[in-house]
Amino acid sequence: MTSAWLLQSHYHQQLIQHKKNSLHERNLIKQQYLHSMESQTNLQLQSLAEKVGQLQAQGIKLNSLGERLIEKLNFPKDEFEFELNQSIEENVEQNTEADNSANNLDESAIAVPSKLTILNKSVSQLANQYEKSQNLLQQLEITLNNLHLIDELFISGRPVPNEGSWISSPFGTRSDPFTGRLRRHKGVDIAGYTGMPINATAAGVITTSEARTGYGFLVEINHGSGLKTRYAHASSIVVSVGDVVEKGQQIAVMGTTGRSTGPHVHYEVIKDGRQINPIYYIQRLPS
């Protein structure tokens, strides 16, 4: 009985030792696995933080561009307010240090989950910032397009280059060059040389492109808001009815067709169906 008890006790101790060794080996394997996972996660976090930081830096540049445009164009800043946040890396480090100090825990135990949580929060903040910046830039683009459209529709300047041209006959009553009688002149004659380009003084749609008695080759542009411009006595026309033209685009070539005594363009501005003095539009500066 004593021998049996001693034998049983011996094997029982060996079994306990075997279990301890097995548990120790499992703990070592588990620690090695956790250490490997922690190293891989740290590398992934570092790579992600760097990429997000680069995106955030690009966002700051984009916001700075928007702010410079707003300042240059003198737009109201309260309607186009861009945010410049601190970098992602600084945000992660500062918040991680704050959490470590507050909890007084081992850094290796909380660094990875803490950084991951803060990084996710920073990514969310960055996404919100980008969405806001995108909306602001879209509003800015719409505003710029509207201003460009207003500028394009703003009638101003001569329909021909200033160099080599001059006003040969003003708007109003004058002596008719053919009959010598007083006659109402419903436009301004701007003389130049045959072949000089005739350009649109504002953007619009071509509504007339034809040869007409008295006018010779005539182009008429509808600019909207009840405003039209006419360009007469051209030697040829380079646009057709329905064409959309930009401000400054060539529409015809100067000539002396129709009731004309020399190469010039007869230029009219029509408001609500009535010819008005074009000199105001010729002399005013672009918007």
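How much space lies in the largest pocket? Keep that in mind while we go through a few points on this model, which is a predicted one.

1. About 560 Å³ of space lies in the largest pocket. Its lining is made of 24 residues, and the closest to the centre are Arg174, His185, His233, Arg259 and His266.

2. Now step back to the whole chain. You can count 12 strands and 4 helices in it. The chain has 287 residues, and 32% of them count as buried.

3. Next, the largest nonpolar core, which has 26 residues. The members that touch the most others are Ile198, Val219, Ile221, Tyr231 and Ile251. At least two core residues come from each of β4 (188-191), β7 (216-224), β8 (227-237), β10 (250-254), β11 (264-271) and α4 (279-283).

4. Once you set aside residues up to four places away in sequence, Val219 touches Ile206, Thr208, Thr229, Arg230, Tyr231, Ile237, Val239, Ile251 and Ala252.

5. Have a look at Val269 too, which sits in strand β11. Is Val269 buried or exposed? With a relative accessible area of 0%, against a cut-off of under 20% for buried, Val269 is buried. Leaving out neighbours within four places in sequence, its contacts are Lys228, Thr229, Arg274, Gln275, Ile276, Pro278 and Tyr281. Arg230 is 39 residues away from Val269 along the chain, yet their C-alpha atoms are separated by 6.6 Å.

6. Finally, some backbone angles to check. Most residues other than glycine have a negative phi. His233 is not a glycine, but its phi is positive, about 70°. You'll find His233 in strand β8, and it is among the residues closest to the centre of the largest pocket. His233 has a relative accessible area of 5%, so it counts as buried.

7. Asp272 is another residue other than glycine with a positive phi, near 55°. Where does Asp272 lie? Look in the loop between β11 and β12 (274-276). The relative accessibility of Asp272 is 63%, so this residue counts as exposed, whereas His233 is buried.

Methods
Residues are numbered from 1 along each chain as its sequence is written. This is a predicted model: local features need pLDDT of at least 70, side-chain atom pairs count only at pLDDT 80 or more; totals for chains, interfaces and linings use all residues. Side-chain values use heavy atoms; hydrogens and water are left out. A nonpolar core is a set of buried Ala, Val, Leu, Ile, Met, Phe, Trp, Tyr and Cys residues joined through side-chain atoms within 4.5 Å. Buried means under 20% relative accessible area, exposed over 50%, partly exposed in between (1.4 Å probe, protein chains only). Contact means heavy atoms within 4.5 Å. On a 1 Å grid over the protein atoms alone, a cavity is a set of points where a 1.4 Å probe fits but cannot get out, and a pocket is an open set with protein on both sides within 12 Å along at least five of seven lines; lining residues have an atom within 4 Å of a point. Grid points are joined across faces, edges and corners, and a volume is the space filled by probe spheres set on the points.
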